[in-house]
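Let's take a friendly walk through this model together. Have a look at the picture first, and then we can go through its contacts and strands.

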There are 2 protein chains.
Amino acid sequence: MYDFTFHNPTKIIFGADTEQQIGQELAAAGIKKVLLLSGQGSAKKSGLLDRVIACLTAAGITFVALEGVVSNPMLSHARQGVALAKKEAVEAILAVGGGSVLDEAKAIAVGATTEIDVWEFFTGREVTAALPVFAIMTIAATGSEMNRNAVLTNEATRQKYNIASIHVHPRVSILNPVLTHTVPPDYTAYSAVDAIAHVLEGYCTKQPGTRLQDRLVESIVKTVMETTDLILQNPNHAEARASFMWAATLALNGLTPAGIGPYSFPNHMIEHSLSALYNIPHGAGLAIVIPAWMRWYHSRNPEQFTRCSRELFGLPTPAAGINALEEWFREIKAPVRLGEVGIPARDIPIISENAHGLARQWGIAELYTPAAIGEILQLAV
Amino acid sequence: MYDFTFHNPTKIIFGADTEQQIGQELAAAGIKKVLLLSGQGSAKKSGLLDRVIACLTAAGITFVALEGVVSNPMLSHARQGVALAKKEAVEAILAVGGGSVLDEAKAIAVGATTEIDVWEFFTGREVTAALPVFAIMTIAATGSEMNRNAVLTNEATRQKYNIASIHVHPRVSILNPVLTHTVPPDYTAYSAVDAIAHVLEGYCTKQPGTRLQDRLVESIVKTVMETTDLILQNPNHAEARASFMWAATLALNGLTPAGIGPYSFPNHMIEHSLSALYNIPHGAGLAIVIPAWMRWYHSRNPEQFTRCSRELFGLPTPAAGINALEEWFREIKAPVRLGEVGIPARDIPIISENAHGLARQWGIAELYTPAAIGEILQLAV
């Protein structure tokens, strides 16, 4: 065990119809006007946005709406949100959607409190304030609903970078697993890969010897794998959708890394370049990167990879466990090779350079040189 | 999965020498004067209290000290604390000690904000305010450092009752596992039993079918059992002490019951009577009650008890698992029969009536009639 600080003040309201509580939660926080942020129209089509608006109105809360957040949310759209939030003097940001909408909401919350351009915070400037953020989630995957992180893509520079600050921890996140029943099979699979990656990154890169945290990770991975299988058989499997949603939240809420000491996020580092350059779904990119990275890395941390194989798959060697994980990715129809999403092997040098930029920002550039990243990606050809 | 709300705003600072951070944490919260509450003198003898006072002084925080909190903390002493907190106009309560000190600190924090006698809140009145509570823990067991609960014993009425309120969630809890290295073997064992009970109560009384929460519980129990064995072999086993401490915190911070639906705390209900009537250590009382209660109850929830036996002990039947748990309690030298702590079987009717009073408060009096509690206690003779 290593020293740590754990502080997660987000209030989670989990269950059917819980979106009906957003008005009272905002009112209890003394908020009278919000920026209502949403994505590509599915929340409107499903009727969710109308229900949320009715709830806001009933609670006496006014709003200004901004739609159009995309997967891998864009800096340009976040800047629109910042301008709108300032012009309308909103007191909070309410995200209705998935992790992308919430991440952009966090970015807007930061940008709305300052004259500094929001991208500066994604490239190293410390976040010192933000408007309060509230969320109603329609997909379980990113963990953004219970953490201090947000990822944004600068489409001009093709950088997918992140912020981390207590100021963007959502005040309240509403998780109604019934809203996720309509998530299609491909995005269910990508979400599963993302949640698994969130816990396995730390688990595979830390040193062995933190037994409780290892078990928490294994509990989450097993739950995500079991429930994904059940959901792909029956998209309306209520218990599986609910367990999946809560597992995905716990996968990146700070619980599993607390006390594990130094660790890194190399798969996310490389994947951010794939989705920044090719705009592929984040979870799809991770499914490609993870088996390749594991094959490249496992001999550096053999005890932990042996444990992983044994505990997750009942298999004796790291190689067998990695094969089993890749096979499961194939079964849930996640891509596991660059070619499957149309990325040519000849682009590997460009991707490696891009990823190395993030490796520098995350302090892992010594191990993850462009050449090393190229070696990893070659294993995904 | 059932609907739930999870909200745990306590900041945990975990690691060696972390007590040195209390001054800056109080100052950051704008607090200038605290009631410094401690127990029977061990914090003074060890030098911890002096270090804390030096840290407060360096941060410009004044204090008034109150010592003498006992295990199973007493209402009369809490009332002294309330009077002192009011007289000295302190702005927060700082507990330095174990779960008993912190529980009494929470009671004082409630009582100090009102003219209503503090015991009223333990017998049903809603807590609507409290002074902020801060904690430096010297023993891991109760989970009080990261939850909204506090237990107090009214020595006049021989009632050991509790409060639960967001207002008494510690603002900051400092967990330095090195401070627990001096916890003697008997209290290490009692703490282990207490932490295990905190997760097994929900696990054994809820309905089957919440796979993630089951796994989280099993992760905590296995960790507590393994680390207890290591600590009893070597009291200075740093990793074991640290993992034990964090496991005990997670065992009662709201994580494991979130989403499990209805459950109850019958072992605590009965044990509270044992320690209220005979002033035995809480964990010792639990070690006596748990095997007896399990033998009485398991046929009401066979699937869950079968899982428990399989996952914790690799055994096929509930009875085999219960025997194994009892045997482990014996191995760590926790008592498992009433006679071992000097409680005569003829007292069972008195204990049963006392426990039934708490069963009524907790809404489980229909199942736990005095006769039923008597049946359970007969299994502990």
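In S9(B), which residue is the bridge partner of B:Ile136? As you look for the answer, please keep in mind that this is a predicted model.

## A strand in chain B

The bridge partner of B:Ile136 in S9(B) is B:Ile174. Strand S6 of chain B, residues 133–137, is joined to S9(B) by four bridges, and the two run parallel.

S9(B) also pairs with strand S2 of chain B (residues 11–14), in the parallel sense and again over four bridges. Here B:Ile13 has B:Ile174 as its bridge partner in S9(B). So where do the side chains of S9(B), residues 172–175, point, and are they buried or exposed? B:Val172 and B:Ile174 point one way from the strand, while B:Ser173 and B:Leu175 point the other way. All four of these residues are buried.

## Where the two chains meet

Let's move on to the contact between the chains. On chain A, 29 residues are in contact with 29 residues of chain B. Several elements of chain A each supply at least two residues of the side that touches chain B: strands S1 (4–6) and S2 (11–14), together with helices H8 (211–233) and H9 (238–250). H8(A) provides the largest share of that side, with eight residues. By residue class, the side of chain A that touches chain B divides into 13 nonpolar, nine polar and seven charged residues.

Strand pairing also crosses from one chain to the other. S2(A) pairs with strand S1 of chain B (residues 4–6) over three bridges, in the antiparallel sense.

## Two domains in chain A

How is chain A divided? Domain 1 covers 11–178 and domain 2 covers 185–378. The C-alpha centres of these two domains of chain A lie 26 Å apart.

The domains of chain A also touch: 18 residues of domain 1 are in contact with 28 residues of domain 2. On the domain 1 side, strand S8 of chain A (residues 159–164) gives the most, with three residues. The residues on that side of domain 1 of chain A divide into eight nonpolar, seven polar and three charged.

How values were computed: Residues are numbered from 1 along each chain as its sequence is written. Chains are lettered from A and ligands numbered from 1 in the order in which they are written. This is a predicted model: local features need pLDDT of at least 70, side-chain atom pairs count only at pLDDT 80 or more; totals for chains, interfaces and linings use all residues. Two residues are in contact if their C-beta atoms, placed from the backbone, lie within 7 Å. Ala, Val, Leu, Ile, Met, Phe, Trp, Tyr, Cys and Pro count as nonpolar, Asp, Glu, Lys and Arg as charged, and the others, Gly among them, as polar. Two strands pair if DSSP finds at least two bridges between them. Domain bounds come from an automatic or database domain assignment. A residue is buried if 20 or more other C-beta atoms lie within 10 Å of its own, exposed if 12 or fewer, and partly exposed in between; C-beta atoms are placed from the backbone.
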